[in-house]
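Please take a moment with the sequence and the model before reading on.

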Amino acid sequence: MNTKPVRLLFDDSISQLRLKNLHSQLSRYGLYPGEAETDTGPKIALFIQESGFSLIDPDLDKRAMVFIDFASGSANHRRRFGGGKSQTLAKSAGLDQKRGLTVVDATAGLAGDSFVMACLGANVLMLERNPVLALMIDEALCSASRKTGDEELGSIVDRMQLMHVDSIDWLKQQKDESLDIVYLDPMFPERKKTAAVKKEMQLLQSLLENTSIDVSLSAFEESELLGQARRASRFRTVVKRPRHAPPLAGEKPGYSLEGKSTRYDIYPKRTIS
């Protein structure tokens, strides 16, 4: 993949060892430190701390940052109190019916749903073409695997695998009906910015809109992604959508499961047994 610049900000307390390892981490995902931004350039930066990476925008509230942490915060809370197999996500992917299914999350993003599915016993392969997000997922997996005294967390992240690839290209290489479940959660742009849009989501949208590091899909890519996912899946393809959004690529699902703000469109092939 093409090498892309990314603006870096460093925490004052970062160690020399961390700085030494940074170059190899960035180069693994085709990234390199960018020049200081111009007055009209994007403010988005990758904030580097000893404990991990965060996306920040100095123009937004300093508390607004995007980070991935599987060991604490909302991810850990959902692992412990999220409702287990009764969750709509679990039912949509068939994880309430069978443990040990393999799920390909072809639009991993911040990997929140991937983590939940791994918590429910799935083996999850995460595909992410955005190099910054892939780097952050990789760092979060490594950080979680180093946690001692939490065997359950260790077994969960062991079931999570990351590939920094274009999901359409990867799916095209897979045989027909060779993947248990394919899960899609493509970026759905907000029609307008409102107070209801969290600062964290504004920040993520700014990353996608104002830099060359894009994860949003064109209409053609949406159709191609869904088509390849349905061809390669053995049991079903699941598409996560905002509740009132149209179906992905205009393709009507077999059925849907709805939550308060989210809808899961299911394109089934055969019963999970």
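Two strands are said to pair if DSSP finds at least two bridges between them. In this predicted model, strand 7 and strand 10, the latter spanning residues 179-184, pair in the parallel sense over three bridges.

What kind of unit do strand 7, helix 4 and strand 8 make? With helix 4 formed by residues 112-119, the three elements make a β-α-β unit that is right-handed.

Elsewhere in the chain there is an open sheet of four strands, whose order is 2-4-5-6 and whose pairing is mixed. Its edges are strand 2 (8-10) and strand 6 (65-67), each of which pairs on one side only. From one strand to the next, the twist averages 30°. Within this sheet, strand 4, made of residues 45-49, and strand 5, made of residues 52-56, pair in the antiparallel sense, with five bridges between them. Among these positions, Q49 has G52 in strand 5 as its bridge partner. Helix 5, which runs over residues 131-145, packs on the sheet and touches strand 4, strand 5 and strand 6, while its direction makes about 145° with that of strand 5.

The cysteines deserve a separate look. How many disulfides does the model contain, if a disulfide is a pair of cysteine sulfur atoms within 2.5 Å? By that rule the count is zero.

The mean pLDDT of the protein chain is 85, and 81% of its residues reach 70 or more. Over residues 190-197, however, the pLDDT is below 50, and in the model this stretch has eight contacts beyond near neighbours in sequence. Where pLDDT is low, the predicted coordinates should not be read in detail.

Note on methods. Residues numbered from 1 in each chain as written. Predicted model: local features only at pLDDT ≥ 70, side-chain atom pairs only at ≥ 80, totals over all residues. Heavy atoms only, no water. Right-handed = clockwise from strand over helix to strand, strands pointing away. Helix = DSSP H or I, 4+ residues; strand = E, 2+ residues; numbered from the N terminus. Disulfide = S-S within 2.5 Å. pLDDT = per-residue confidence, 0-100. Contact = heavy atoms within 4.5 Å. Axes fitted to C-alpha atoms, helices over the stretch in contact; angles between N-to-C directions.
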